[in-house]
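This report goes through a few parts of one structure. Please keep the sequence and the 3D view open while reading.

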Amino acid sequence: MELNSAIKEKLERLQEKYEAMGQDMASYLDGLLYADFLTYWDYIHLDTLLSLQSPKTPFPDEEIFIMYHQITELYFKLSLHECKQISTAENLSVKFFTQRLKRINSYFQALTNSFEIMVDGMEREQFLKFRMSLLPASGFQSGQYRMIEIYACDFIQLVDKAHRTELQGAPIAAQFEQIYWKYGATELSSGKQTLTLKQFIQKYASQFLSLAEQVQNTNFSALYHQLKERGEDIRELTEELKKFDLFVNVDWPLAHYKSAVRYLERDPIDIAATGGTNWQKYLPPRFQKRIFYPFLWTQEQQNEWGKTWVLSVLKTLQNKA
Ligand code: HEM
């Protein structure tokens with residue numbers, strides 16, 4: 001069969017490409033002759049992906065627990081992929097920032113909506129048994145979750161609220177000493193740092209610190225202010241940032257909190273978490289008052305942070321009981 005002109009032209013362009021790199025096109029064509037066709041399963045590394053579920057116990061519901069954590073970590077990775085693009089963009093435009101932020105919001109929406117898989121999707125009896133084999137590991141040790149927070153706001157917003165005023169303007173390393181989540185991970189009995197926290201810090205502290213230094217002027221909050229000062233139209237961006245603030249600091253944490261209540265709440269004394277924290281005081285957003293962008297909310301909205309939602313969740317749970 002004659003080679004048509006379109007194919008000839010492509011071959012010429014390929015020839016130019018290889019020549020420019022000092023390569024022999026004919027040898028590469030030989031390679032193509034023998035190369036296998038790409039398959040779906042190789043492309044997405046399906047066999048590897050499906051081999052990553054290794055339960056520690058024979059309880060079937062443990063696999064659900066493992067897979068849902070893995071799904072969540074993949075969504076966190078998707079979010080970080082967008083965070084990086086926003087933070088490192090040259091001449092960041094409002095349009096690019098908004099579009100990428102919408103993607104992150106859609107990931108958190110999917111995570112919030114799907115959390116029912118955890119809340120209602122496992123037998124409580126099985127969960128309470130297999131969790132004992134996972135001690136002292138906890139989702140608290142999700143490094144990606146903490147990195148999303150670092151990209152999202154000025155680091156001072158992640159400092160425990162009792163220390164925020166005194167540490168305003170202090171070096172990042174000093175602020176890191178008082179990061180809010182260290183206060184959640186104290187042992188119920190002794191008030192000391194939990195092993196869960198110690199291990200987490202040992203693995204991730206230097207990564208968190210260097211990321212925080214790196215994005216000091218390119219976290220979402222800093223970038224937002226830069227665009228605002230340039231007089232850009234930031235109305236849509238503002239709405240997306242507010243949604244993001246609510247997804248990460250209220251909606252997802254509350255969907256997650258519902259699962260802690262469902263599995264660990266027991267009268268009169270609640271069941272201790274695998275990370276050994278005082279989770280009832282630590283997890284609810286109305287206690288933590290984590291807010292990335294206080295300048296986008298009224299004082300009243302900040303005072304009421306997470307309250308309406310928690311009341312409605314508690315009501316649903318009471319009705320179910
Ligand atoms: C039955 C399901 C779950 C229960 C009962 C549960 C329980 C808890 C508890 C009690 C804590 C407080 C820390 C501790 O002492 O361990 C915690 C923290 C955390 N968990 Fe879960 N969890 C569940 C599912 C998940 C899933 C699927 C993820 C996804 C990665 C996750 C991610 C986290 C994160 C990021 C924290 C830290 C939250 C913060 O610092 O505000 N958890 N979890």
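## Model

The structure is a predicted model.

## Ligand site

The ligand is surrounded by 28 residues. The closest of them are Ser138, Arg146, His256, Thr277 and Tyr282.

For tyrosine 282 it is 2.4 Å, and for arginine 290 it is 2.9 Å.

## Helices α9 and α13

Helix α13 covers residues 195–214, and α9 covers residues 143–152. The axes of α9 and α13 come within 10 Å and cross at roughly 20 degrees. Angles under 35 degrees count as roughly parallel, so α9 and α13 are roughly parallel to each other. Their crossing is right-handed.

On the α9 side, the contact is formed by Gly143, Arg146, Met147, Ile150 and Tyr151. These meet Phe200, Tyr204, Gln207, Phe208, Leu211, Ala212 and Gln214 in α13. Sorted by type, the residues of this contact are eight nonpolar, three polar and one charged. Arg146 of α9, which takes part in this contact, is also among the residues closest to the ligand.

## Helices α9 and α15

Helix α9 also packs against helix α15, which spans residues 235–264. Here the angle is about 150 degrees and the axes are 11 Å apart. Angles over 145 degrees count as roughly antiparallel, so α9 and α15 are roughly antiparallel to each other. The crossing of α9 and α15 is left-handed.

Tyr145, Ile148 and Ala152 of α9 make the contact with Phe244, Val248, Trp252 and Pro253 of α15. The residues of this contact are seven nonpolar, with no polar and no charged ones.

## Helices α6 and α14

How do α6 and α14 lie relative to each other? Helix α6 runs over residues 94–114 and helix α14 over residues 220–229. They pack at an angle of about 150 degrees, and their axes are 11 Å apart. That angle makes α6 roughly antiparallel to α14. The two helices cross in a left-handed way.

Which residues of α6 and α14 meet? In α6 they are Val94, Phe97, Leu101 and Ile104, and in α14 they are Phe220, Leu223, Tyr224 and Leu227. The contact of α6 with α14 consists of eight nonpolar residues, no polar and no charged.

## Two points in the backbone

The peptide bond from leucine 135 to proline 136 is cis. Its omega angle is near -5 degrees. Proline 136 sits in the loop between α8, residues 124–130, and α9, residues 143–152.

Histidine 45 has a phi angle near 50 degrees. This is a positive value in a residue other than glycine. Histidine 45 is found in the loop between α3, residues 40–43, and α4, residues 46–49.

Terms used:
Residues are numbered from 1 along each chain as its sequence is written. This is a predicted model: local features need pLDDT of at least 70, side-chain atom pairs count only at pLDDT 80 or more; totals for chains, interfaces and linings use all residues. Side-chain values use heavy atoms; hydrogens and water are left out. Axes are lines fitted to C-alpha atoms, for helices over the stretch in contact, and angles run from 0 to 180 degrees between N-to-C directions. Helices (H or I, at least four residues) and strands (E, at least two) are DSSP runs, numbered from the N terminus. Angles under 35 degrees count as roughly parallel, over 145 as roughly antiparallel, 65 to 115 as roughly perpendicular and the rest as oblique. A crossing is left-handed if the near helix is turned anticlockwise from the far one by less than a right angle, and right-handed if clockwise. Contact means heavy atoms within 4.5 Å. Ala, Val, Leu, Ile, Met, Phe, Trp, Tyr, Cys and Pro count as nonpolar, Asp, Glu, Lys and Arg as charged, and the others, Gly among them, as polar. A residue is near a molecule or strand if one of its heavy atoms lies within 4 Å of it. A polar contact is a pair of N or O atoms within 3.5 Å; within protein, one must be able to donate a hydrogen and the other to accept it, and residues adjacent in sequence count only if both atoms are side-chain atoms.
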